[in-house]
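Open the structure in your viewer and get ready to select residues by chain and number. We will go stop by stop.

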Number of protein chains: 2
Amino acid sequence: VLSAGSRLPSSRVLAQDVGVSRGVVSRVYAQLAFEGYIVIRQGSVPTVRAISPVESIGVDREERTRLRYDLRAHLPEVSTFPRRLWLRSVRDSLGQAKDADLSYGDPAGLHELRAEIAKYLSRARGVTVAPEHVVITSGSTHSLSLIARALLRRGSRLMAFENPSHYLLREIAHAAGQEIVAVPVDGEGVIARFPARATAVVVSPAHQFPTGVTLSPERREDLLAWAAETGSLIIEDDYDAEFRYDRAAVGALQGLAPDRVVYMGSTGKTFVPALRLGWAVVPDDLRDDVLRELSLTVLQVSGMDQLAFADFLRRGEFDRHLRHMRDVYRKRRDVLVAALGRALPDMPVRGIAAGLHVVLEMPSHEIAESVRARALAAGVAFETTAQHTFSGYRGPAGLILGFGAVAEPGLEVAARVIARVTEEECAAEPAEESAA
Amino acid sequence: VLSAGSRLPSSRVLAQDVGVSRGVVSRVYAQLAFEGYIVIRQGSVPTVRAISPVESIGVDREERTRLRYDLRAHLPEVSTFPRRLWLRSVRDSLGQAKDADLSYGDPAGLHELRAEIAKYLSRARGVTVAPEHVVITSGSTHSLSLIARALLRRGSRLMAFENPSHYLLREIAHAAGQEIVAVPVDGEGVIARFPARATAVVVSPAHQFPTGVTLSPERREDLLAWAAETGSLIIEDDYDAEFRYDRAAVGALQGLAPDRVVYMGSTGKTFVPALRLGWAVVPDDLRDDVLRELSLTVLQVSGMDQLAFADFLRRGEFDRHLRHMRDVYRKRRDVLVAALGRALPDMPVRGIAAGLHVVLEMPSHEIAESVRARALAAGVAFETTAQHTFSGYRGPAGLILGFGAVAEPGLEVAARVIARVTEEECAAEPAEESAA
């Protein structure tokens, strides 16, 4: 209703007008500012922003926007998306496409894309697979939704999830009709201790979300032994394994037990979220059910995107982009870890040198939540470990700090904000021992 | 296993080798030829084809491929897809996209596309709607799947379908957990006679599939009255209403009762199947549940395709393409109807001058099925009414003849093949009265 640039009443005036405390108005204004509806500047009244509230923060906006940094862990950098090279792939692939490629096709996806994905998985992730085992989906959300429904159709209705693990994965499985059960995670990754009824588990072995650990070799063996003995299925969520900064990424589990592992990968974090493309490598006996679910929910994935991405992969541009982003993210991670180390030398930073986030361990979930809320009010957004735990989690508390979408200067500022509110919260609440 | 160009044994030799009748081998070869695996030429042995078996048939292949016409009703012409104009929309929209458009966005779709769809629906289909009510999906399969699951979540678990109606729609709803019940269709469209438990019905008022009739004004009133009285939902599948050849298309039901009708449209038949884009106009009280299902199944629809299609709509190119295709399809329909009239003057052709198919009425389902199987063996593919009926259908039998993907010369040949096998089948079986 209010046009861009409109001046809002000061918090004092509005509090009087509507008869609430000034603190309430301030918190509402802070939330509106964070959501992008208004701009708050010290010493002047808030004004209405001109931009759309759903925009996220690009690097080039940081100068203009006072303290507004989105460190949520799922966000990659999008300003580096190679628009010109992508357009070339769209142009050339569309120019060369057969008419048949523009009509209804194989629900598993374009054969040429599946062949390119198979080659890519072999060189990048140690996954050896025939194109026939690759199913093109619109991302890992889609893959997991299809797998969960296909399992349900086979009478398998209890899925285990790492605790903690991304809450959205559990919501996807639950919406697909699955019951959910927790398996614990420690510094070596998931502990293969499952209830007898569980016939599938979703894991992130290369880079556990959110703890940031890698599944140890012994635990890999435990997990594979459980799957082999019980005939269960391991669903491997390989969401960001392309980004490992200190060594080569560990190979995917899928390569060790192709008939017991469904592998899920996508372009969301490694390339660009708007391109809804992902892939699942599906064992033979589950493939027909997965394709049936795909046909009866979306019929098939966008052929335009598939054609272009096949060309992009074939030219080596995807690998080049990953190498470039590995450099970008490694530097961002180094800057964030160093800034946190300087500002909060007693708070440990957890997680291997990989992916798009680190975890800053906190003395308690209560302090973590207070820090999160106060940092958000100050324009720094991130999630906490507690937001991803369920079912009697007893591990450490933490802040999940994503460095994917914020450039180095912003990470420095964000680290200072986080340090300030953390110190204030720790001073306010007498620190208790963490239940780690 | 066999490489392209490999020569296969003649039907006589293979029949001897494996010890079956020559007729069995001939039927197998005919099926393989139709599926695109082999080429059969009079007077020489079959050879293995070089092309992928999932390819469908483009116009420019007709010369090269002996008698192979795909008259399945869901197939549009893809050779006329304006690749150059589409590429311009990809280029310009990608050039102008904000970084935020490339990141995670609103699950309902890009606002600018929803605004363009709202304008398009208003000018083309008499649907008046705010962009906020439009949900971008990956097509009508996706829309129906989301709606069926959203209804289930609200405890509504019995959906009525027209009898006959496209079998795939019922499979989608069934896979989403809905029970299915039939409502009869006659020459005026669906008869609003529902079991008390049914709280939703899927209808195709502008051009009923497959019968090809339009819902009469009286029946529209009956249907809307039922929905208003019982608080039920009408799901309007507007799959090809853009193609009406004799007059302006009837307006969508949605315009008459926006709070009781979910409207579904898509680009699959009107533009190009490979672009997985559709839209649902969803009443307020169902919107959150539909968006939740969308988020937990595909997260969001491809942003690349959305950006380009918004540009394509804004430039008026979509409307221009529809006008062009209306001419193309009207001519094809005229040719097919005339050819059938000449070759089979006693068999009525049903369906209004619209869409991508007509129905050739048959004396019985048995004759229709024999004609379908024999035409298929001769390289002419189509479906029958019986393939889309369920639950005690008692209406007329027919062949559903699509003219979308086959040019005029092919339609002439196909009509002659259909006429020949129909006459032979009718002569073989003494014609019984149809149960119409």
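**Stop 1: the cores**

This is a predicted model. Begin with the largest nonpolar core, which has 148 residues. Select A:Trp86, A:Phe309, B:Trp86 and B:Phe309: these have the most contacts inside that core.

Now centre on B:Trp86. Which residues is B:Trp86 in contact with, leaving aside its neighbours within four places in sequence? From chain A come A:Leu94 and A:Met304. From chain B come B:Phe81, B:Phe271, B:Leu275, B:Asp305, B:Ala308, B:Phe309 and B:Phe312.

Next, pick out A:Val262, A:Leu296, B:Leu144 and B:Leu286. They are among the members of a second, separate core of 59 residues.

**Stop 2: the two copies**

Colour the model by chain.

**Stop 3: the interface**

Show the residues where the chains meet. Chain A brings 53 residues to the contact, and chain B brings 54. Between them, the buried area is about 4,900 Å². Carbon and sulfur atoms give 60% of that area.

Select A:Arg83, A:Tyr104 and A:Leu296. Together they supply 16% of the area that chain A buries against chain B, more than any other three residues.

How many salt bridges are counted between chain A and chain B? The count is 4. To see a salt bridge, display the side chains of B:Glu171 and A:Arg292, which meet at 3.5 Å, N to O. The interface of chain A and chain B also has 17 residue pairs in polar contact, counting pairs with both residues at pLDDT 80 or more.

Switch to cartoon view and look at chain A.

**Stop 4: A:Thr270**

Finally, go to the loop between strand E10 (261-266) and strand E11 (278-281) of chain A, where A:Thr270 sits. Is A:Thr270 buried or exposed? A:Thr270 is buried, because its relative accessible area is 2%, under the 20% cut-off.

Show its side chain. It reaches the backbone oxygen of A:Ser266 at 3.1 Å. Beyond residues up to four places away in sequence, A:Thr270 touches A:Tyr239, A:Glu242, A:Phe243, A:Phe318, A:His321 and A:Leu322.

Definitions and conventions: Residues numbered from 1 in each chain as written. Chains lettered and ligands numbered in written order. Predicted model: local features only at pLDDT ≥ 70, side-chain atom pairs only at ≥ 80, totals over all residues. Heavy atoms only, no water. Core = buried A, V, L, I, M, F, W, Y, C linked by side-chain atoms within 4.5 Å. Buried < 20%, exposed > 50% of the residue type's maximum accessible area, 1.4 Å probe, protein only. Contact = heavy atoms within 4.5 Å. Buried area = accessible area lost by both parts, 1.4 Å probe. Polar contact = N/O pair within 3.5 Å; in protein donor to acceptor, adjacent residues only side chain to side chain. Helix = DSSP H or I, 4+ residues; strand = E, 2+ residues; numbered from the N terminus.
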